[in-house]
Amino acid sequence: MISTATSTASFAGCDVVVEAVTENEELKTRVYGQLAEVLAPGTILASNTSTISITRMARSAPEPERFAGMHFFYPVDRMQLVEVIRGEQTSDETVATLVELARRVGKTPIVMNDCPGFLVNRVLLPYMSESLQLLREGASMDDIDKASVRFGMPMGPIALHDLVGLDTALYAGQVVSAAYSDRAVEIPILEDLVNAGRLGKKSGSGFRQFVGRKSRPSADPDFEAFLEPHRTGEREFTIEELQDRLFLPMLLEATRCLEEDIVREPAHVDMGVILGIGFPPFRGGLLRWCDGLGANLVLERLEPLAELGPRFSPTDSLSELAATDGLWHPTTKGGSS
């Protein structure tokens with residue numbers, strides 16, 4: 001069912017075109033200009049971007065009302081989630097068509113409004129950045145990954161960096177960090193590794209090296225030279241400290257997505273993180289995990305982290321839940337810690 005072509009003329013008869021070129025806004029918008037010459041009127045153009053503003057890129061699309069985001073998750077053959085992102089000019093018909101298309105190809109779509117990082121990557125990138133900050137402070141990459149896996153994630157954040165590609169993580173992180181600079185963490189080691197050609201598994205080395213026919217990850221003695229200039233401390237962390245540092249920023253960002261009406265309801269957040277990044281299903285998602293702990297306990301866990309900056313500051317919605325003993329999911333009873 002797959003055919004290939006090297007000319008944009010092959011798109012002339014399409015009802016929907018999904019652009020999936022490299023995560024570079026200039027490149028993507030240049031492609032839209034080329035497509036404008038061949039797409040029939042009324043053709044829906046969607047971008048598989050993971051972070052770039054749909055509203056802004058729509059200015060370069062042939063028909064802004066027929067332009068939206070349709071973000072598939074890696075690896076596409078295994079990940080069920082598709083984010084359908086509505087730009088300011090996107091029509092309801094365009095959104096409905098992309099939702100139905102996602103369902104027809106066996107995916108689960110979630111509709112959301114436009115913002116840098118959308119839902120899943122906006123929530124994921126604080127977790128990824130915090131793992132590198134912990135590395136700088138003295139935590140070992142093995143301990144960081146073990147804490148995450150013990151929490152229930154399919155792999156740790158350092159391993160995930162190497163899997164998705166350090167260049168991909170760097171560029172996506174730059175987009176999101178620029179948008180939320182008040183709480184972003186600057187991690188220069190990532191850029192150093194990319195500049196050195198250490199892109200993760202696909203290049204044979206990143207945070208770890210990948211050896212043998214099966215490219216199994218192993219410790220790389222050359223990595224220490226990249227870490228040393230950026231190291232800020234040397235201390236041991238408990239598993240509870242590591243888990244709070246990794247997952248509480250994710251939770252806070254999820255509450256901001258609700259406060260800003262990026263998604264309509266808590267269930268969409270929880271479904272998004274379970275299907276999009278493998279958040280442990282037995283915890284029910286970030287917000288059900290919060291309900292299981294109780295908002296007051298979450299605030300207690302955040303208190304000793306306040307000195308680390310705004311990324312650990314309680315949000316208004318979380319504080320309100322704590323004050324009223326409320327829940328994101330009012331029917332939730334109990335939960336995992």
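Visitor: What should I know before reading the model?

Guide: In this predicted model, local features need pLDDT of at least 70 and side-chain atom pairs count only at pLDDT 80 or more, while totals for chains, interfaces and linings use all residues. Residues are numbered from 1 along each chain as its sequence is written, and side-chain values use heavy atoms, with hydrogens and water left out.

Visitor: How many disulfides does a search of the whole structure find?

Guide: A disulfide is a covalent bond between the sulfur atoms of two cysteines. The cut-off is a pair of cysteine sulfur atoms within 2.5 Å. Here the search finds zero.

Visitor: Is C290 buried or exposed?

Guide: Buried means under 20% relative accessible area, exposed over 50%, partly exposed in between (1.4 Å probe, protein chains only). C290 is buried at 1%, whereas C14, at 25%, counts as partly exposed.

Visitor: Which residues have the most contacts inside the largest nonpolar core?

Guide: In soluble globular proteins, nonpolar side chains tend to be buried together. A nonpolar core joins buried Ala, Val, Leu, Ile, Met, Phe, Trp, Tyr and Cys residues through side-chain atoms within 4.5 Å. The largest one has 85 residues, and F207, F247 and L286 have the most contacts inside it. A second, separate core has 10 residues, including M70 and V82.
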